[in-house]
Amino acid sequence: MKLPSYPLITVDPFFSIWSKSDLLYESNTVLWCGIEKRLKGTLSVDNNLYRFMGKGVEPHTIPQTSVDVTPYITAYTFKNDLLTFTVKFWTPLLLDDLYDLSLPCSFIEYELAFNDDEEHNVDISLYMNEDFCYNQKKKAIAKEIVSTSAGNAAKMGCRKQKPLHKSGDVTSADWGCFYLFGGAVSTDSFGIHTAHKAMVKGSAAFTDIAAYDDIYSIEYMGTKYRALWTESHKSIEEAIAYCSENRNILFNRLLEQNKLILSGTEDFDESYRAILTAAARQVLAAHKLFRNCKGELLYLSKECNSNGCINTVDVTYPAIPMFLLYRPELVKAMLTGIFEFSRNAAWKHDFAPHDIGQYPIANGQVYGIYRLYNHKKKSVYKMKKDVINPNCHMPIEECGNMLITSYVYYLVTKDKSQLEENFDLLKKWANYLIRCSVVLENQLCTDDFAGHSEKNVNLAIKSIMGIACFSEIAKLTGNADNSLEIAKQYADELTRLSKTENGWLAFSIGNEKSWSLKYNLVWDRLLAFNLFDKSIYKAEIEKYHTVINKYGTPLDYRKDFTKTDWMLWASCLDDTAATTNAFSECILNYLSDTKDKNCFTDWYDTVKATECGFNHRSVQAGLWMPVLKKRLLSNENKELK
């Protein structure tokens, strides 16, 4: 599978390293946002030196013959007349154990197989440059060798440590320390270094571990928190030793997850499995997991390459399919911070907030904040006045997102504790949606990059789905409510006002010639509300196929750009797998043909195969919606319905 960029180390937004070239030795490795974080690899065989990763002065390389990408493993193969050399990258992003999922350690492994029966003098060396330690501007670095119970590790970090002293989007941390473990470790002017020296006859295998201890991971409502892994390991040295000593166990579990993450895709084409494979690691590496002072888990996303917001509600909403399938507890952990901030005195609105800060500082919403207010010097959660521009709110969008996500989480888990604890907020947000009715005012939705829109039909559908979800929440919590009747009335009215002569719903009320992907309509089908006539689903799907371009169906009639997550959501209106397969093939064509050498974007031009922005975003977890649809609608899982 050809990708614009290949995942190597995928831990979190500050430790997510990628290769931007098809050949591992053609470019320097980078942080997901393109900032150089140089890993260099060399192989010496009988004093003949070859470079296999990154740029360098070494003139010789062993030709790379393949790169094999599975959901959680990237493996490069190099061959010449003498040997086959394989380099494998994987991170134990294990959804079956949250402590392991949180680990800041990643494996780089090497396998050698010689074609003759001779013994060869081998030296495999890995170098990590000191640019890992700072954000482009060079700083004074301290380096040392430290011990673990499994052996020595090389360590480096800025001499002056100021954890969590800044936030940002396209940026890297300049705090914490980086480690290399494996073989003989050392430090030099380049950075830190591991080397495996051996006499090899036939075949041999070696392992390195790269790790990052950020000291503190998140500042949340004024308190600095360490990542969840620190509850199970007292130090980074202990975590490294744990990974080294349990390598085989971790890898075998990862192989099982490699299969699990593609389970349920049997009815779809290979192109669908391919785009899930391309998305899996960047989704998990866009989050941070920790526990607050109340003992609650929080799983906070970074809105990468958009504005860097943390725990953005309309980033959580499209991401929930993958997590509902494989670790629904993390969906609850995405909602907790929003509920808590919504109770803060600084949030004075009767609708849900957009975010709770800018990664890694989660001290209150920063989206649309007034320029006169510097959120990096003051904490939003402590403010006594509203500092957010009302034109930058997304009231209907975020209320709908919170109501739908909260209910669907219950539907999958049967855990209604969060619904009961936050019923007052959910009711307030549902009432807000009810007051807004169906002819919506000019405001932003999650597709804010397209600007404000008036009388937006897809947004009205989300509002109606949110109201219908609240009706179920009210019943579950023992509260009498007539929200479902209101939702039905609104659905009938919206259909009357926006249905075109060909049966699909317009992009906006009153614009008969307009159209858009009705991705929010998926919940009417999956949750069996049946508020909209099924003929609308059919007409929508037929319309999508008439306007499809080589790289996908545009988001709506105004521009050629699309969103990958919303295409796959909208495809679920099809009773068959045909539209999911067609859209997946378009996305795979984009990944193969684009000249942009960045992570898997979710926003690109469907004609030119050029990205419009947005890299490394967790919304790609929304590509699992067809699998979630299959599970929710299957006879084997009637209890979920």
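Which residue just after H7 takes a positive phi?

Reply: Happy to. That residue is lysine 414, which follows H7 directly and has a positive phi of about 65°. Please keep in mind that this is a predicted model.

Let's look at the helix itself. H7 runs over residues 395-413, and its 19 residues reach 27 Å from the first C-alpha to the last, close to the 27 Å expected at 1.5 Å a residue. This helix is mostly covered, with 18 of its 19 residues buried.

Now to the nonpolar packing. The largest nonpolar core holds 223 residues, and Trp523, Phe532 and Trp624 touch the most other members. Helix H10 (residues 457-476) gives the most to this core, namely 12 residues. A second, separate core has 5 residues, among them Cys309, Val366, Tyr367 and Met394. As background, nonpolar side chains in soluble globular proteins tend to be buried together.

Tryptophan 624 deserves a look of its own. Leaving aside residues up to four places away in sequence, its contacts are Ile261, Tyr272, Leu276, Ala279, Ala280, Pro321, Met322, Leu325 and Tyr326.

On to the rings, where the count comes to 37 aromatic pairs. One of them joins tyrosine 317 and tryptophan 566 in a tilted arrangement, 6.1 Å centre to centre with 50° between the planes. This pair links distant parts of the chain: tyrosine 317 belongs to helix H5 (residues 313-326) and tryptophan 566 to helix H14 (residues 564-571), 249 residues apart. Tyrosine 317 has a relative accessible area of 0%, so it is buried, and tryptophan 566 counts as buried at 1%.

Phenylalanine 341 and tryptophan 347 make a tilted pair too, because their ring centres are 5.9 Å apart and their planes stand at 50°. Phenylalanine 341 counts as buried at 1% relative accessibility, and tryptophan 347 is buried at 7%. Elsewhere, Tyr25, Phe52, Phe78, Phe85 and Tyr110 form one aromatic cluster.

Finally, two charged side chains sit over rings. The charged end of lysine 40 is over the ring of tyrosine 127, 5.8 Å from its centre. Arginine 247 lies over the face of phenylalanine 251, at 4.5 Å from the ring centre.

Notes: Residues numbered from 1 in each chain as written. Predicted model: local features only at pLDDT ≥ 70, side-chain atom pairs only at ≥ 80, totals over all residues. Heavy atoms only, no water. Core = buried A, V, L, I, M, F, W, Y, C linked by side-chain atoms within 4.5 Å. Buried < 20%, exposed > 50% of the residue type's maximum accessible area, 1.4 Å probe, protein only. Helix = DSSP H or I, 4+ residues; strand = E, 2+ residues; numbered from the N terminus. Contact = heavy atoms within 4.5 Å. Expected span 1.5 Å × (residues − 1). Phe/Tyr/Trp six-rings, centres within 6.5 Å; stacked < 30°, edge-to-face > 60°. Lys NZ or Arg CZ within 6 Å of the ring centre and 35° of its normal.
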